[in-house]
Amino acid sequence: GRRSTRTDAKHTREGREEMATSHATTSAEEAAPLLLASSSTSANAHAFRRDESGLETSSSSASSSCKRYGILAAAGLGALFVLSSSKTNSGVTLTTTRGGGRPEHVASVKLGSFETGYDLDANAFDGDVWHVPFEFYRDTKWAQAKFWRPGSNADLDGDVTMLSEEEKMHPDEKKYMPVFKSKGVDSAPVVVTAHATNLKSNGWVILDSAKKNGLEIVISGNGTTFHGFADKMMGLKAALHSIPGNPIIVNADATDVLLQCGPEEFQKRFEQADADFIFGGETQLWPEIRKYFDMEDEQQFKREMSLTFGEIGKAAGDDVELTGEHPNVWANAGSFMGRKEELIKYIEATENRMMRHNDWKEEDGFGMTCKPAATTDEEFNNVFPGMRQFDDQECLTAFQMQKLIERSQRHKLDADGSILFSAGGAPMSQLGQDANGMVYNKQTGKASCLWHFNNPSAKIRLKDFANAYPTKFLTEVGRGAMLRTPDEHPGNRNGEVGPAPSESP
């Protein structure tokens, strides 16, 4: 079962002392912060010494670096990573040991590329779990989110009945955002990221689809309670800072997305698109910011940028035609992609855009939302008085519209599914398989790498795809699991209890 673990200073200090006692290679004199790393498949413990000449520091701030060393401790599934943090002039810096000059013995951390230890029936996956502490968010607007309040995550917080109502209104500084990393993430050119509160119930869908296509994946939030879309953005922030280097990131919804491309194809199409940031699209603007409809010059520029995808993703075969249709004309937060540093810029832009209304009161809750593009603070308070809840798609659209105002040619909407496609309620008769076996949309002639079933009526397509395309999208066990889920809740395996997904009901 899942273990509830605290990441406070006492826990870290005791862990350091215990490991220093157990392993002579760990220096007790090191004062640098620790990264406690536990593997779900490793049966051996190792200790690694900091090597000044061989390590690179990956951090959330370029203004400072922080020396550290790591200890890999053996444990079972659900084991603990503590990301060390240090205060800088620009906030909190997460530090992780990375780089081509790493000491040779550090390579023993690598236990394969998601190829071993994958057991969907047992809900066991080859990977590590990082716990990103509250400290990382302390000096940001996220620190006031409900996620951090005592008692807001029933499975993690324990008994909070002794706390006063006043104490419950302030962050619990011992809390953390859990992040699962598959084993090959640190060296992967393409990484999928997602947020899921329960891998057992329905977060497994994106995990299994990544496994099927040889993609490494980072999933935030497993074991937490969902309080709203702010959790999703905080999870992405944590996930990105747990990934070294600057790989291509494909961010997707966890429960209703299927993939049919491997890392090489994702990378090829991304590079062909000649963009820094690619928005997946949908047919409707939601939430509906009416002023965006009137920004005709920006809309025209958006269409011009979408046309630059050209024949990227064209389905193979002489009988396939590109129709020229571009049905998905508005951004959809269920899929977007770019290199890690570009996604971090998006989060930073979102944080800068976040604000509350003038009449906000503490009892109203988090209250942060994204001020629409081309909107003054006064307009935000007077024209958008009903915008009281954080919505990640509204934030993404505001970011997109701002880039259109700036006439950025590096931020593009994938309107025809050249890479990312929101299928909506498209009928199965509108789909086909091309000469290479790729599933494509006859409306556009494109075989998308990512398929997002982005409304309630579209969810049944998860089961339809598993039934119609048995060798695509999911592993064999994953396909069986999908077909056994109820039509009312496709892909949901009903929580942490129940029969293994490959067993007949």
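Okay, let's start with a cysteine: Cys261 counts as buried, at 1% relative accessibility, where buried means under 20% relative accessible area, exposed over 50% and partly exposed in between, with a 1.4 Å probe and protein chains only. Before I go on, this is a predicted model, where local features need pLDDT of at least 70 and side-chain atom pairs count only at pLDDT 80 or more, while totals for chains, interfaces and linings use all residues. Residues are numbered from 1 along each chain as its sequence is written, and side-chain values use heavy atoms, with hydrogens and water left out.

So what is Cys261 joined to? Its disulfide partner is Cys449, S to S 2.1 Å; a disulfide here is a pair of cysteine sulfur atoms within 2.5 Å. Cys449 is buried too, with a relative accessible area of 0%. The link of Cys261 and Cys449 is left-handed, with -80° about the S-S bond. This pair links distant parts of the chain, 188 residues apart: Cys261 is in the loop between strand 13 (257–259) and helix 6 (263–273), and Cys449 is in the loop between strand 21 (439–441) and strand 22 (450–452). Helices (H or I, at least four residues) and strands (E, at least two) are DSSP runs, numbered from the N terminus.

How many disulfides does the structure hold? There are 2. The other one joins Cys370 to Cys395, S to S 2.1 Å. Cys370 lies in strand 17 (residues 369–370) and Cys395 in helix 11, so this pair ties together parts that are 25 residues apart in sequence. The torsion about the S-S bond of Cys370 and Cys395 is about 100°, so that disulfide is right-handed. Both Cys370 and Cys395 are buried. Counting bonded cysteines along the chain, the pattern is 1-4, 2-3.

Now, Cys395 shows up again in a helix pair. On helix 11, Cys395, Leu396 and Phe399 are among the residues that meet helix 9, whose side includes Tyr346 and Arg353; contact means heavy atoms within 4.5 Å. The axes of helix 9 (residues 340–353) and helix 11 (residues 392–405) come within 10 Å and cross at roughly 100°. That makes helix 9 roughly perpendicular to helix 11; angles of 65 to 115 degrees count as roughly perpendicular, under 35 as roughly parallel, over 145 as roughly antiparallel, and the rest as oblique. Axes are lines fitted to C-alpha atoms, for helices over the stretch in contact, with angles from 0 to 180 degrees between N-to-C directions.
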